[in-house]
Amino acid sequence: MVYLLFFYFSIVVIGLAYKVITARNPVHGVLTMLALFFHMAGFYLLLNAEFLAAVQIIVYCGAILVLYLFVLFLVDIKSEVKTGPFIKKGVKLAILSSVLLLLAFLRGVKNFTLGPHGHFTIARVKEMTHTKAIGQEVFTTYILPFEIAGLILLVAVIGGLALAKKETGGEEG
Amino acid sequence: MVHLSWYMTVSAILFSMGIFGFLTRRNLIMMLLCIELMLNAINLNLVAISHYMEDIRGQVLVFFIIAVAAAEAAIGLGLIVTLFRNVKSVHTEDLTSLKG
């Protein structure tokens, strides 16, 4: 069963990624990405990370992709549909470089050895529930990075507002 | 039990596809979407390794990566809206004001 789910998720995710990077219409690309994110959440469920699956669906599908869709409606995408999604020169070079990168990664995967095991065994995480385990780590060991992430989000809110605001008088626009 | 290297292979394939899309797409929004694809590949890798190492640090890192990805999407799309207002285009070949 786990094998079946793994192969289903991997085939669907890779197929959807192919659809995303070749989509002629950006709106279709964004909507395909939505399905891809749901299947990534399925991967997380397979790996006993329920909290991350929920965060993936809420943040990626619920917030980030809606933002993408709104911006797509604000800009002009008609010419894209007419002239095609890819740049004119250098597509072959890009294929070559990404395939070389993939081969390098696969070589790394082949030679990968796992480090020493930690304290959070699967049984222990199941017993204390995943949300509690991750919350304990975030709010004790990683409290400073957590605060910094909050600051980053604050800067993003202010920066997004300042960037997208229409300039009214004063400086040259 | 699904082997760890299978997850890492899927993640590597996704990352390479993200790189390819980032290098070849004309539309800046689709380039940003390809960055999200690469971030997702890395997240999958981190969650898988964290699960097989029986440690939870990798998953905490994924949590932070998702937060930073949200910030990056907000700022990047704000930049694209501003750019579209000034240049009237979101395609890379039209951004030639540095060409002289």
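A charge sits over a ring if NZ of Lys or CZ of Arg is within 6 Å of the ring centre and within 35 degrees of the ring normal. This is a predicted model, in which local features need pLDDT of at least 70 and side-chain atom pairs count only at pLDDT 80 or more. Residues are numbered from 1 along each chain as its sequence is written, and chains are lettered from A in the order in which they are written.

**Exercise 1.** Find the ring under the charged end of R124(A).

*Solution.* Start at R124(A): its charged end sits over the ring of F120(A), 4.7 Å from the ring centre. Now try R25(B), whose charged end lies over the ring of F86(A), at 5.9 Å from the centre.

**Exercise 2.** Classify the pair of F6(A) and W6(B).

*Solution.* Recall the rule: rings of Phe, Tyr and Trp (its six-membered ring) pair if their centres lie within 6.5 Å, and planes under 30 degrees apart are stacked, over 60 edge-to-face, the rest tilted. Here the centres are 6.0 Å apart and the planes are at 40°, so the pair is tilted. Next, look at the chains: the pair crosses from F6(A) in chain A to W6(B) in chain B.

**Exercise 3.** Decide whether F6(A) is buried or exposed.

*Solution.* Buried means under 20% relative accessible area, exposed over 50%, partly exposed in between (1.4 Å probe, protein chains only). F6(A) has 2% relative accessibility, so this residue is buried. W6(B), at 33%, is partly exposed.

**Exercise 4.** Describe the pair of F37(A) and Y60(A).

*Solution.* The centres are 4.5 Å apart with 35° between the planes, a tilted pair. The pair ties together parts that are 23 residues apart in sequence. F37(A) is buried at 0%, and Y60(A) is buried with a relative accessible area of 0%.

Terms used. Side-chain values use heavy atoms; hydrogens and water are left out. Helices (H or I, at least four residues) and strands (E, at least two) are DSSP runs, numbered from the N terminus.
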